Amino acid sequence: MNGSLRSGSTPVRHFLPALLFILVSCASGTTAGTAVPEDLRISYVISMDDAVNHNFRVTMTLEGISQDTVVLKMPVWTPGYYWIQNYPKNLSRLEIRDGAGRECAFTKTAKNAWQVYAGGADRLTASWVIYGNSHSVADAFIDTTHAFIVPAAILLYPADALTAPSRVTLDLYRGWTAVSTGLEPVATPADFGKTTDTGGKPADAAGVAPSQGQVWTFTSSCYDVLFDSPILAGNQEVMTFTVNSVPHHIAVLNPGTYDREALKRDYAKVVESAVSIIGEMPYNHYTFIIMGRGMGGLEHLNSMAVFTGREDGDIYPSDRQSFRGWMEFIAHEFFHLYNIKTIRPIALGPFDYDKENYTNMLWVSEGFTVYYENIIMNRAGFMTPDEMLESLSRSITAYEAIPGSRVQSATLSSFDTWINFFSFSENSQNTTISYYDKGCGLGLLLDLKIRHSTGNRKSLGDVMRTLYYDYHKRLGRGFTDDEFRTECEKTAGTDLGELFGWASSVVRPDYDRYLGYAGLYLKEEAPSAPGGRVRFVIKRKEKMTPEQETIYNDLFREIK
Ligand SMILES: [Zn+2]
């Protein structure tokens with residue numbers, strides 16, 4: 001292999017402080033007609049003293065508001081989880097008072113909106129209770145062992161103030177000593193009684209008396225940051241490792257027994273491998289929130305929340321297959337901090353928290369993330385070329401072997417995620433596909449096409465870097481469907497109408513021609529048992545041309 005033809009990774013260029021990253025995220029949320037009062041100050045206190053009843057008691061204080069009527073809202077969904085959750089269903093006992101303690105009348109004007117008659121008061125205090133008893137990455141949970149706070153699921157906010165900063169104080173359940181989140185800390189229990197460096201006020205200025213539990217305070221630069229920063233509070237174990245001097249915290253409930261130093265080294269390898277694809281770390285700290293009982297995982301700005309699905313919270317399986325499966329999952333959620341959080345379709349941020357945010361592009365945001373799981377794991381030394389081929393074959397089989405592949409396109413699957421993804425039925429495979437699976441298959445074909453048409457001088461990685469540096473960093477926004485195709489074609493130096501046609505239609509892709517660029521082909525294997533499903537398996541040709549060999553060896557790297 002000729003080293004000069006290698007592509008797909010770049011050295012880490014430099015580290016962007018998270019503050020700048022967050023400012024960029026918030027600045028892009030400023031739109032005409034959303035004037036935030038200049039003096040508006042928003043602070044929350046989340047009390048966990050009623051954990052035994054699964055209740056959060058929340059207080060929001062607005063200062064500098066001075067309007068006759070104020071509209072308060074609550075999100076109906078949370079970023080990354082494309083499903084209308086109707087969070088206000090868990091809210092009760094809403095009370096609103098002015099600065100003099102007088103009760104303010106309010107009217108409910110929508111399922112997630114309240115019009116408050118504030119009478120020009122400068123200060124309003126709203127308090128409410130949220131019931132949290134669901135083990136999901138998109139729901140709030142609290143009992144006497146821990147609390148998982150999904151901010152969109154428990155916080156009201158002043159309408160038209162989505163770009164405003166706010167402060168969140170946590171009053172922990174007694175005996176809890178740990179808080180894990182991507183938010184920036186203002187004050188921890190160690191700071192009480194001292195003067196903070198953020199305005200000269202004592203850390204307990206929020207008026208919280210830490211009579212029972214610890215009190216922690218965090219700040220957020222806007223609601224797109226706050227609503228994308230879950231919080232785990234309890235007595236979780238926190239393990240910290242650094243990559244290029246940037247701290248990464250693994251916060252885990254009910255940890256198992258394993259070699260913690262080896263675990264940190266392996267998690268660091270996944271981070272390094274993912275970072276090498278884009279070449280920059282857009283955060284100054286990252287938190288892995290890992291819980292036990294529950295399902296799934298969700299990506300966030302500079303954190304992830306995942307469940308092991310087991311009580312013991314095994315986050316470092318000892319058998320190779322389970323280890324690979326778990327680390328692929330971690331690699332997937334981690335790579336989202338690029339692909340969807342910074343490299344994103346224009347519809348996915350700034351968010352509208354009142355309703356569905358439609359995009360045709362989840363086959364790129366989710367499907368390519370599945371594709372990159374394989375590359376990250378291979379570059380980290382955890383997945384052999386044969387295992388990569390096996391994994392990619394599984395993704396292709398998942399959609400090509402079901403009737404839905406000739407009924408629903410990848411773009412329609414993306415658009416309709418709001419009504420399809422969590423409404424799986426016995427008929428789903430007849431009429432729908434997963435944009436995760438087909439997006440992964442198309443990501444592989446696109447990568448091969450770009451490599452072939454550029455003599456392996458360019459790859460899909462070059463497209464991802466262009467979207468990151470030119471759109472996210474330079475323009476401060478996401479990309480349109482057309483811009484995405486244009487950037488792919490510019491990188492490939494050729495028309496990609498055929499491939500984009502496969503994304504937006506149900507025409508079967510010409511796998512063998514595209515796989516052939518790397519000396520591969522797709523073999524259809526009959527079901528192993530009557531009534532079983534056909535399998536599609538990517539195979540290596542016996543003889544490869546030098547060009548095929550170059551592309552194959554660059555993409556499917558031998559591991560040491
Ligand atoms: Zn994902």
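Predicted model: local features only at pLDDT ≥ 70, side-chain atom pairs only at ≥ 80, totals over all residues.
**Salt bridges, a zinc site and a surface patch**

Biologist: Arg260 and Glu237 meet in a salt bridge; how many residues apart in sequence are the parts they tie together?

Modeller: Their side chains meet at 2.8 Å, N to O. Helices (H or I, at least four residues) and strands (E, at least two) are DSSP runs, numbered from the N terminus. Arg260 lies in helix α4 and Glu237 in strand β17, so the pair links parts whose separation in residues is 23.

Biologist: And which helix holds both Lys269 and Asp266?

Modeller: These two side chains also form a salt bridge, at 3.7 Å, N to O. Lys269 and Asp266 sit three residues apart, about one turn, in helix α4.

Biologist: Which residues coordinate the zinc ion?

Modeller: Donors are N, O and S atoms within 2.8 Å of the metal (3.2 Å for Na, K and Ca), and water is not among the atoms, so sites may look incomplete. In sequence, the spacing of the donor residues is H-x3-H-x29-E. At 2.0 to 2.1 Å, the zinc ion is coordinated by His332 (NE2), His336 (NE2) and Glu366 (OE).

Biologist: Does His332 count as buried or exposed?

Modeller: His332 is in helix α5, and leaving aside neighbours within four places in sequence, its contacts (heavy atoms within 4.5 Å) include Glu366 and Tyr436. Buried means under 20% relative accessible area, exposed over 50%, and partly exposed in between (1.4 Å probe, protein chains only). At 7% relative accessibility, His332 counts as buried.

Biologist: What residues make the nonpolar surface patch?

Modeller: Patches take residues with over 30% relative accessible area and no salt bridge, joining like charges within 9 Å and nonpolar side chains (Val, Leu, Ile, Met, Phe, Trp, Tyr) within 5 Å. Areas come from the Shrake-Rupley method with a 1.4 Å probe, and for residues only the protein chains shown count as cover. Leu412, in helix α9, is partly exposed at 39%. The patch, about 260 Å², is made by Tyr358, Leu412 and Phe415.

Definitions and conventions: Residues numbered from 1 in each chain as written. Heavy atoms only, no water. Salt bridge = Lys/Arg side-chain N within 4 Å of Asp/Glu carboxyl O.
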